[in-house]
Amino acid sequence: MKRRHALKTLATAAAALPLLRVPLEAQQLSSDHVFVLRDVAATVLPSAIGRKGQDEAVDDFLRWIRDYKEGVPLSHGYGEPRLVKTGPSPAPGYADQLASLQAAAKARGSRFGALPPADRRALLDEAFKAADVRALPGRPDGKHVVADLMAHYFRSSAANDLCYNARIGRNTYRAIRVTTVRPQPLAAPAAGPKPQVR
Amino acid sequence: MPVHESDVCVIGGGITAAMLIERLAELKPGLRITAVEAGRSIFDRENRGTYHRRAIEYGEHPWHDDYIDDQQAKGMISMTMAVGGQALHWGGACNRFSEEDLRLKSMYGLASDWPLEWNELETYYVDAERRLHVAGDPSPYQEDRRSAPYPQPAMPLSYNLQVLKNWAEQSGMKFSPLPLSRNIDKPHGGRGACGLYDTCGDVCPTGARYSPDYTYQQLIAANKVTLHDRMLVRKLVLADGNDAIVGAHGYHQDRPNEVTEYRARWFVLASGQCWSPHLLLLSATSRFPNGLANRSGLVGRYMNGHKFISAQAMIDEETFPGQNMTHSLISREYFRCAAGKPFVRHDTRVWESAAGKEPRLRSGDGRLLLGDELLTEWRSRALKGSSVRLRAYYDSHPSADSRLTLDPSSKNRYGDPMPKIERQLDAAALAREGATMDHVTAVFERMTRASSGRLVSKPVNSSYWDHPAGGCRMGADPATSVCDSYGRTHDHENLFVIGAPTLPTGGVTNGTLTFVAVSLRSADRLAQLT
């Protein structure tokens, strides 16, 4: 009953939110994959940003994938410069990774987001180890879509603000005077995340 | 063979060329000036917001095609070759050298003196600061006297830097905001005001941080210069029967088999510390078998700049990384060395930092962190004190064997050997390396004593020399220098070398303002002669 209720709630939410708000090329992620990714996001992104914020983080990630360009020179660096270009899109493996994750979740009796927290952690731990994900990548690198989603969010200016509970706005347009005083705190809900996964 | 004639042919399209041309055009209206630059013009300022965003999100280089694959040097600190040069993506730091930099020999018995007086150079610093619209506060050290105020007050210190200034000054040293070539609160010179995007070293979306592409566009629009970009000058041509330069041979990237001859009464080599001596060496003739302007044998020698020592510190004070990562504090406490003390000179720099405070996927015991747990662990580190980045650029006097040579193992499409730069300290500088490290470490440790601070690790020396210069050093004696104090070569009366290559030593702080100041002085001299 509880599970049925959760699924119903999710279906209602899904109807209200376009699952694929960011147009993607067909070979990248289907709406089913994006559905899974949004489901996982609720576990791997902070609760303080709310379901809406988590969906927006997924949208930003999808937009990042969509706009990725291969073979573009990266910053040459300074001091000991070298020419390095962006590699292949990290996206091609994402669909399989999400399908595997969902299959593994179903093998435990449910979709990912409806599993007990310990199971969710175990599934991701296993997936990350299999993909040799040892740390958050600097930028999405294709090893695992969930680690890439996490890196994309947690390395963002918004996440930096959330961490410090302060309106810092790193790398965004700001008036200089705003930076000369202690940054204002974020709105109240951001201040105190309650651990979600045990 | 296409021929292009002008009064002054400037080879190179970076910041010193821009400033020289601007000044020359003011002093001598109507003078026909041509600038020849190997790289391309990147004048698409309307796209810089997009480039900024993509640099942040994807790490993409914001200056597309600003390099030439087969025109690269070993030991060069940047690949950029484009109109605007490396100042397309500099931070905008505009520190002055100090009087001691010009008098190392006479004051300390080290390296060599520069053949110009500080008071005269100071007036060119004022002009350079005006042109670059520098924002700065007067130095708290009275020895750093100046004859005119900065064009703008210093960029205001962020909350973080205010905290760090209070912390750093407990060491007894005085710190001030780094002077910056940025439009602080309103547009100036066709460039916008600062939006604190904090990506000055990559690309400035508003143009607030000065870059020479703006100057070139303005000069071109006013018909003050003819710019030939994507044109590599491979050779300077000597006159028959005398030592004047009569031409420069350029090769356009799209027409590699066609020679364009540039003829002019005056030639100005403004290609920086790497490509200026390189062209002189490449242009060897039977009368100048070691390269043009090289009777002294010093072209490509005394390559300088300065090494630096870096460290990270942790302190108790609370800061909020990301407020203004590209602004910093500077102390000029050790720009001068008291008589009778072991010689050491350096600047001291302080930046906010997020080092060690990045989000982590796993806890210390290897547990996977997800969602709120990750955030909680991150906060446990991030909110506990602050990380501080420290650096000291120190006096690194070059030996004569600090060299740029032609590397036969690396050639461009034409078969020209590319430059190889190998810097070396002179014997005295080498001998004091350990003492310099000890001194700087002690300074950093003294700073960290406040606020329960500590150095996170042992300070480390740089793997390269920053703010490189030299290779065509100025001097009064043709036997020991390549050019006079104006950059006019001793061997060719109508050939100037300007900016960084002419510096005998590289100072102890960012060099660009000095490169510009000496170039403006060259422009004045050239205007007198034309």
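A: Let's start with helix α5 of chain B, bearing in mind that this is a predicted model: in α5(B), the buried residues are B:Leu121, B:Tyr124, B:Tyr125, B:Val126, B:Ala128, B:Glu129 and B:Arg131.

Q: And what do the buried residues of α5(B) pack against?
A: They pack against three helices of chain B, namely α1 (15–27), α3 (99–102) and α12 (512–529).

Q: How many residues does α5 of chain B have, and how far does it reach?
A: Helix α5(B) covers residues 118–131, which is 14 residues, and from its first C-alpha to its last it reaches 20 Å, close to the 20 Å expected at 1.5 Å a residue. Just after α5(B) comes B:His133, which takes a positive phi of about 50°.

Q: OK, switching to chain A, how many helices and strands are there?
A: Chain A has 8 helices and 0 strands, and 33% of its 198 residues count as buried.

Q: Where does A:Asp39 lie?
A: A:Asp39 lies in helix α2 of chain A, which runs over residues 31–44.

Q: Why does A:Asp39 count as buried?
A: It counts as buried because it has 21 C-beta neighbours inside 10 Å, and the cut-off for being buried is 20 or more.

Q: Which residues is A:Asp39 in contact with, leaving aside its neighbours in sequence?
A: Once the neighbours within four places in sequence are left aside, A:Asp39 is in contact with A:Arg111, A:Phe112 and A:Gly113. As for A:Arg120, it is 81 residues from A:Asp39 in sequence, while their C-alpha atoms are 11 Å apart in space.

Q: What about the largest nonpolar core, how many residues has it?
A: The largest nonpolar core has 173 residues, and those with the most contacts inside it include A:Leu149, B:Val10 and B:Phe267. Not counting residues up to four places away in sequence, A:Leu149 touches A:Leu37, A:Ala41, A:Val44, A:Val58 and A:Phe61. Apart from that core lies another one, of 10 residues, among them B:Tyr51 and B:Leu196.

Q: Last topic: how many residues of chain B are in contact with chain A?
A: On the chain B side there are 43 residues, and they are in contact with 50 residues of chain A. Within chain B, α2 (48–58) and α9 (371–382) each supply at least two residues of the side that touches chain A, and the largest share, 9 residues, comes from α9(B).

Q: And by class, what does that side of chain B have?
A: The side of chain B that touches chain A has 22 nonpolar, 12 polar and 9 charged residues.

Key: Residues are numbered from 1 along each chain as its sequence is written. Chains are lettered from A and ligands numbered from 1 in the order in which they are written. This is a predicted model: local features need pLDDT of at least 70, side-chain atom pairs count only at pLDDT 80 or more; totals for chains, interfaces and linings use all residues. Two residues are in contact if their C-beta atoms, placed from the backbone, lie within 7 Å. Helices (H or I, at least four residues) and strands (E, at least two) are DSSP runs, numbered from the N terminus. Ala, Val, Leu, Ile, Met, Phe, Trp, Tyr, Cys and Pro count as nonpolar, Asp, Glu, Lys and Arg as charged, and the others, Gly among them, as polar. A nonpolar core is a set of buried Ala, Val, Leu, Ile, Met, Phe, Trp, Tyr and Cys residues joined through C-beta atoms within 7 Å. A residue is buried if 20 or more other C-beta atoms lie within 10 Å of its own, exposed if 12 or fewer, and partly exposed in between; C-beta atoms are placed from the backbone. The expected span of a helix is 1.5 Å times one less than its number of residues.
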